[in-house]
Amino acid sequence: MNLKGFLDTALTQALELGIGSPDDVLRHVTPELLSVHLPRPLWARLLTACLGAPRVDAQLVIETVGVANLCEHIPVAVMWNCLSEISTRSLGREFVPIQVSVVSRAVVSVGSAPVTRPAPLSMTPPPDEMPREAPAPRPLAVGPAIPSPSAADSLADVVAALEADESAASAPTRARTPTSQRFRQTNTGSGRLAATNSRRPQAVAPAEPPPAPMRTARRGSTEVSEIASEGVEPEAEVGRDDWKNALAVEDEQLVDWSATGEETQNTDEYGRKR
Amino acid sequence: MVESGLEHQVFAPTDVLAHATPEVLASHLPPELLGKMLAASLASGSMTPDRVLETVTPELLAKHLPHDVLWACIAAAAERAGVGGDK
């Protein structure tokens, strides 16, 4: 609940709409209250404005300090009485101020009562000590059970225990389990990794014939000779009879061009074709 | 010294407030004096150096303000009068 924000908005609107006046505010926010609750930088700003202004009035004070700063630093009950008076007056009702004993730096009774300063700390008795509840035990952290060294352990015992640990570490009682190979071995067979190769011997695989050379889509003359020398028939050679059969033409399908007279018409007197 | 300087017009209330600026006053004066000063200004309708020094007397100034501030005011007035150049 932002009560100060509400009071700031309400009072600002009341002043802007003319429902209330700066004098209404300063009737509650007295110079004494300001002196107690307003921070010193705001006081410096206020004094500067007052010394430079031709007239000092409530409007100058409110405009210099600002409603927001008033609502921030002046006790809420005082600002509420200010807003309540403006509201009840505009509604034609009787204003009944709330009696508030305030606040941080001073005990202020709202209204026309004088401002009294709080009693010094040396006069006030100290507050009664409240019995503190024992805090709940924190959960223990789960971890290895390490015995704590006892106070009776002497330095010689500690050194002896360390030496015993070192001797135990130098002569292990259990062979270490070989781990899997972490790196791929090189094919060179040289180096430390090759010397410590623990893989089982394997049979020598027969050497594969060298792969055929890559051939291009169009063959040159040298390739044809190669194919002939290798005794491998190209694909066209394999289907030699097939394509001949597919292209076979009977004699009836042939045209006898000599029977037509076109050839004689197109030749000149020397018998050459035009 | 401040009261004597004001009485003999070696410096004026304006000269005092030129050194005892609003920031200095707001920082060192007790709250009741600040409230009284504002109330007097609101009652009279203005806040002038004379009225400020009527509320905050030279004795109160010497009581609450740092002495080097007041001495600077006196030294500046003396320098203006051609007496000395002590800063």
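This is a predicted model: local features need pLDDT of at least 70, side-chain atom pairs count only at pLDDT 80 or more; totals for chains, interfaces and linings use all residues.
## Contact between the chains

The two chains meet through 16 residues of chain B, which are in contact with 16 residues of chain A. On the chain B side, the elements that give two or more residues are α3 (22-28) and α4 (31-44). Of these, α4(B) gives the most, with 8 residues. By class, the side of chain B that touches chain A has 9 nonpolar, 5 polar and 2 charged residues.

## Helix α5 of chain A

Helix α5 of chain A spans residues 58-65, and its buried residues are V61(A), I62(A) and V65(A). These residues lie on the same side of α5(A), because they cover an arc of only 95 degrees around the axis. In an α-helix, residues three or four places apart point the same way, since there are 3.6 residues a turn.

The cover over the buried residues of α5(A) includes α2 (22-28), α4 (40-52) and α6 (67-73) of chain A. Just after α5(A), G66(A) adopts a positive phi of about 95 degrees.

## The largest nonpolar core

The largest nonpolar core has 49 residues, of which L11(A), V29(A) and M79(A) touch the most other members. Helix α7 of chain A (residues 76-90) supplies the largest share of this core, with 6 residues.

For V29(A), leaving aside its neighbours within four places in sequence, the residues in contact are L34(A), L70(A), I74(A), V78(A) and C82(A). In soluble globular proteins, nonpolar side chains tend to be buried together.

Definitions and conventions:
Residues are numbered from 1 along each chain as its sequence is written. Chains are lettered from A and ligands numbered from 1 in the order in which they are written. Two residues are in contact if their C-beta atoms, placed from the backbone, lie within 7 Å. Helices (H or I, at least four residues) and strands (E, at least two) are DSSP runs, numbered from the N terminus. Ala, Val, Leu, Ile, Met, Phe, Trp, Tyr, Cys and Pro count as nonpolar, Asp, Glu, Lys and Arg as charged, and the others, Gly among them, as polar. A residue is buried if 20 or more other C-beta atoms lie within 10 Å of its own, exposed if 12 or fewer, and partly exposed in between; C-beta atoms are placed from the backbone. The arc is that of the directions from the helix axis to the C-beta atoms. A nonpolar core is a set of buried Ala, Val, Leu, Ile, Met, Phe, Trp, Tyr and Cys residues joined through C-beta atoms within 7 Å.
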